[in-house]
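Dear colleague,

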Amino acid sequence: MTKTNPGRFFEDYAVGDVITHAVPRTIKMGERALYHALYPARHALHSSDQFAQSCGLPFSPLDDLVTFHTVFGKTVPDVSLNAVANLGYAEGRWITPLWPGDTITATSEVIGVKQNSNGKSGVVWVHTTGRNQHGEVLMSYVRWVMVRKRSDSTAPEPVIPVLSTVVAPADLVIPHGLDFTSYDFALAGEPHRLGDYSVGEIIDHVDGVTIEEAEHMLATRLWQNTAKVHFDATNRTDGKRLIYGGHIISLARALSFNGLANAQMIVALNGGAHANPCFAGDTVRAWSEVLDTAETQAPGVGAVRLRLVATKGGAGVLRGEDGKYHPDVLLDLDYWALMPV
């Protein structure tokens, strides 16, 4: 009998299964330093204790996407080790900030399965929850992945979950104490507040970053993501290592600082798709579209719903005439962020 983990195949998932993911992880300031080294991350609330304290928080929380990457990495050996592709996200909510010294654990419930028509793979939907050492929910989200089949076994009865297309503003969780009434726009880097943005506005974030093998491999190891397509060049017929989609998310989010410096905290992930693969050598740019705005109960705090697009092409280009994503588009992400009113 083998003692190694070959990863789960499509046949190994059943709706209702709850998977406890291995290896709790304590997050400290080293992860913050590496995050800021990997991405041009400059949002003030995640950079400065003094700035965070002026906004009513005890000190600066780690970047919201550090929570996402760490929780996501826990799930890979059980959910996507044999994945063909990570297809999308929905119903993501950040509930509790991640503070230096917190220990993250994660569980996932299988909520849907559907075999593909080729009979060689299938789609699995999971609802994942990350918690801290106190049992408090840090974040939760749904994602779906295409997973290889082990054999020509009989297909299970398909179960496709009904998912919300957007997290309602009333369901956004605002960190306890957050107060933007004394917000320092000069220190934050831009003067633009919520009322300065219009629904339908397109923001070209201007800057670009060329991805190198070394940095994306470091990032994937940092989050303990063990998916074969990211590490093993023999896993794909083209001999290339696929860039971890979360790396593109963080890169695009960091690039969005130029134009959205005051979109300080991500509080919900409405949906997302990794539209096309990304490889080392690609130059990634980003643009955003304002989809909605909303009030919150926190003093001086509003919410902005944004479409964040990572692309190898120009701003504003999303789909071709056939309705499919343009070949240059790498990421289409729909999220809520908190911004001063």
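Two cavities of 30 Å³ or more are present; a cavity here is a set of points on a 1 Å grid over the protein atoms alone where a 1.4 Å probe fits but cannot get out, and lining residues have an atom within 4 Å of a point. Volumes are the space filled by probe spheres set on the points, which are joined across faces, edges and corners. The model is predicted, with pLDDT of at least 70 required for local features and 80 or more for side-chain atom pairs, while totals for chains, interfaces and linings use all residues. Numbering starts from 1 along each chain as its sequence is written, and side-chain values use heavy atoms, without hydrogens and water.

The largest cavity holds about 100 Å³. Of its 14 lining residues, Asp64, Trp94, Thr96, Pro97 and Met265 lie nearest the centre. Strand β8 gives the largest share of this lining, three residues.

The second largest cavity holds about 40 Å³ and is lined by Leu65, Phe68, Trp94, Ile249, Ile266, Leu269, Leu333 and Tyr335. Its lining draws at least three residues from each of domain 1 (1-27 + 62-150) and domain 2 (190-341), with bounds from an automatic or database domain assignment.

Helices α3 (residues 64-79) and α7 (residues 245-255) pack at about 175°, with axes 11 Å apart. They are therefore roughly antiparallel (an angle over 145 degrees). Leu65, Phe68 and His69 of α3 meet Gly246, His247, Ile249, Ser250 and Arg253 of α7, contact being heavy atoms within 4.5 Å. Helices (H or I, at least four residues) and strands (E, at least two) are DSSP runs numbered from the N terminus; axes are lines fitted to C-alpha atoms, for helices over the stretch in contact, and angles run from 0 to 180 degrees between N-to-C directions.

With kind regards

Conventions:
Parallel < 35°, antiparallel > 145°, perpendicular 65-115°, else oblique. 1 Å grid on protein atoms, 1.4 Å probe; cavity = no way out; pocket = protein on both sides within 12 Å on 5 of 7 lines; lining within 4 Å.
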